[in-house]
Amino acid sequence: MRIMAQLAMVMNLDKCIGCHTCSVTCKQAWTNRDGMEYVWFNNVETRPGQGYPRRYEDQEKWRGGWRLNKRGKLTLRSGGRFRKLATIFSNPELPEIKDYYEPWTYEYKNLTDAPLGDDYPVAEPRSLITGKPMKIEWGANWDDDLGGAPQYGDLDPMVEKTRAQASEKVRFAFEQTFMFYLPRICEHCLNPSCVAACPSGAIYKRSEDGIVLVDQDRCRGWRECVTGCPYKKIYFNHRTGKAEKCTFCYPRTEVGLPTVCSETCVGRLRYLGVLLYDADKVAAAAATEEETGLYEAQLGVFLDPEDPEVRREAEAAGIPHDWVEAARRSPVHALVSRYKVALPLHPEYRTMPMVWYIPPLSPVVEALNETGFDGEDPDNLFGAIDTLRIPLEYLAELFAAGDTGPVRASLEKLAAMRSHMRAINLGERPDPAIAASVGMDLTEMEAMYRLLAVAKYEERYVIPTAAVGDARRLEESAVPTSCSLDHADGPGMGGEGAFGQDSGRTELPLVSLETFHALRAQQTADAQPHVGDVAASRGEK
Amino acid sequence: MNVLLWGALPYVAFALLVAGIVWRYRYDRFGWTTRSSQIYESKLLNIASPVFHYGILFVLAGHLLGLFVPASWTDAIGVTAHTYHLFSLYGGTLAGAVALAGIALLVYRRRTRAPVFRATTANDKVMYLVLVAAIVLGMWAKVAHSTPTAGYEYRDTIAPWARSLFRLSPDIGLMSGVPVLYQIHAVVGMLLIALVPYTRLIHMFAAPVQYLFRPYIVYRSPDERQLARRGAPRGW
């Protein structure tokens, strides 16, 4: 067993209203630079839809992710090491900028500088790639809210797959359509194919928090990572000639702040937390033979931080105590492993993604209400899941390699939670059978409700800081540890002055009192104090 | 003049090459890239780039063979001078033609595809000029001084001179009788070598051979020098 910790994310799709605030704030923070005009580390897609870049899920064409070769061994779909080096002079499966979209600006100057004439001056669109006037034909979000779905909807690779299984289920006629939003960032996979595809070895996974980054000094611009990533979440900066990707906002998470996309999410649908996993099991899990078994296999890689054995091993493996504690309180662990309502995006790519999704249930309830039935009655609701307006098969193509089982189980839990909480709201006695029917008890159900519906900031984001040992050391070093006689104005060197130690001197640390209490609590306690308790006790002081 | 061209220039070019690589490695690793333009245009590049690169690699191999493998060695393994000449003439010219066709298509693409042209710097243009000149002059010299049966024996003059450079005692006299076309080709070649680290050609020194041997997934731990270690827990 080789325990590692990873910062992971869960998104609750029920709450996503498709406002693109995450995309915009991420863009402002990270990709508002030359060469990155077309890049969205975070984008929100309307599904069904082609996504961004267009049809990125069509791996027959783009060859992202892993596959099993004839001997059942894990290999990159884009080819082995020799093929990669042999085709290094041009990457045959690289998306062009037009597959994303050609970025543009407007000739605003014309609005003020145009000579007097009969017509109003207009701000002509100008390509940011060629600098020439252009016709705007596609954007990162062209098919937002099903725009153009009758024309483009059929091009969604997942629609094609779903139709192959349940031909009547996906319709784009106005009164038969469905849609939901899918916000996407880099998956920071456990088995990242971009890392494996990089000839220079410039992409790496940080051992302390699992964030996947590109070393800009080692990247040589071979572009193999863009092909390697099945989610197309590595981008080529066409000005610097280097690959860039979502950084999970590591400068923020390192100091305990949520990522920009999470922080600014108005729907409060993102959850951040630590997952502990066994790194030795990853390769075997990713090589699971059946694609539909990959979700369960990945669950099997995660470790339960409530298990004292796991906690001991984790600390022995050098994972800081507060990381292990954060893993216990991790909302991601709860949604992924305890309640099992979150599902990975495209487990069939075998990259073991670490940004998971709670599938959307809301349209079911709405659809049921419209038919005149009580949308939150458990009998109606359970039955309706199979006749969802968003076909189960479509969700299954996204989140479970086509297996409707995990999606149905997740939606049933969400449905059961609604019925249960409705009973409480109406002052009825909740029927424990409802919770039991989805394998949960009442406390769990209410805890899940609290996490999903109330979703307090500090419960959504449980982010241990990097180098917390360092923080403690710095704090302690603020308390003088050496003899005060050593200092220029120590007692023997002129004394403390008439007004005692703190008089007129600002360098005396104000943290000393807190540190004193925290240290005393730590040193006199029988067990290591809970991180939250320490924080709370400090808050009171 | 002879001393300058055949005694000093090679060492200046080599010094510029080494100094440039060291400088790039020390101060400009961020700029060390292929500066690929494939994202702007893929179709032409997918044909032209492999054609050019494979052609030029073969040309490079040919130069190494011609300059640094003495005729006595090829004789020893039973390759007659005639066989060598045929191989050198047809193989070399074919490789040169392939490389030239590739680079012609690449330059055409660069000129006609607006985004690619916009991303072209003055540095690139100088580089293309020298590179194309080196290839064209080399082929011209070869073809002009060859018949199907025999050709100019550069293995008696240019090759020993090139090897003498590495013994640090350049035999300048060997180059005096060499045809002018070969001389110009050699000078342009040395110019090209000197230019490599200061242009996008630097990417040839990033050839990722280590990819064949490294593990697929790369992990990195925090730099211990930048992060304080977690000490033993306090207490007694």
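Is B:H63 buried, partly exposed or exposed, and why? I counted 15 C-beta neighbours inside 10 Å, so B:H63 is partly exposed. The cut-offs I used: a residue is buried if 20 or more other C-beta atoms lie within 10 Å of its own, exposed if 12 or fewer, and partly exposed in between, with C-beta atoms placed from the backbone.

Before going on, I noted that this is a predicted model, where local features need pLDDT of at least 70 and side-chain atom pairs count only at pLDDT 80 or more, while totals for chains, interfaces and linings use all residues. Residues are numbered from 1 along each chain as its sequence is written, and chains are lettered from A and ligands numbered from 1 in the order in which they are written.

**Annotated sites, chain B**

I looked up the UniProt record, an unreviewed entry, and found "binding site" at B:H53, B:H63, B:H185 and B:H203. They spread over 151 residues of sequence and lie up to 23.1 Å apart in space between C-alpha atoms. UniProt positions are in the numbering used here, feature names are shortened, and annotations may be inferred rather than shown by experiment.

I located B:H53 in helix 2 (residues 43–68) of chain B, and B:H63 is in helix 2 of chain B too. Helices (H or I, at least four residues) and strands (E, at least two) are DSSP runs, numbered from the N terminus. B:H53 has 19 other C-beta atoms within 10 Å, so B:H53 is partly exposed.

The unreviewed UniProt entry also gives "domain: NarG-like" for residues 2–221 of chain B. I read 65% helix and 1% strand over residues 2–221 of chain B, with the end C-alpha atoms 56 Å apart.

**Helix 6, chain B**

Helix 6 (residues 122–144) of chain B has 23 residues and reaches 32 Å from first C-alpha to last, close to the expected 33 Å. The expected span is 1.5 Å times one less than the number of residues. Among the buried residues of this helix I listed B:L131, B:A134 and B:K142. Their cover includes helix 4 (81–112) and helix 8 (180–195) of chain B.

**Where the chains meet**

I found 44 residues of chain A and 40 residues of chain B in the contact; two residues are in contact if their C-beta atoms, placed from the backbone, lie within 7 Å. On the side of chain A that touches chain B, strand 8 of chain A gives the largest share, four residues.

Strand 8 of chain A pairs with strand 1 (residues 219–220) of chain B in the parallel sense, over two bridges. Strands pair if DSSP finds at least two bridges between them. I noted B:Y219, in strand 1 of chain B, as the bridge partner of A:K205.
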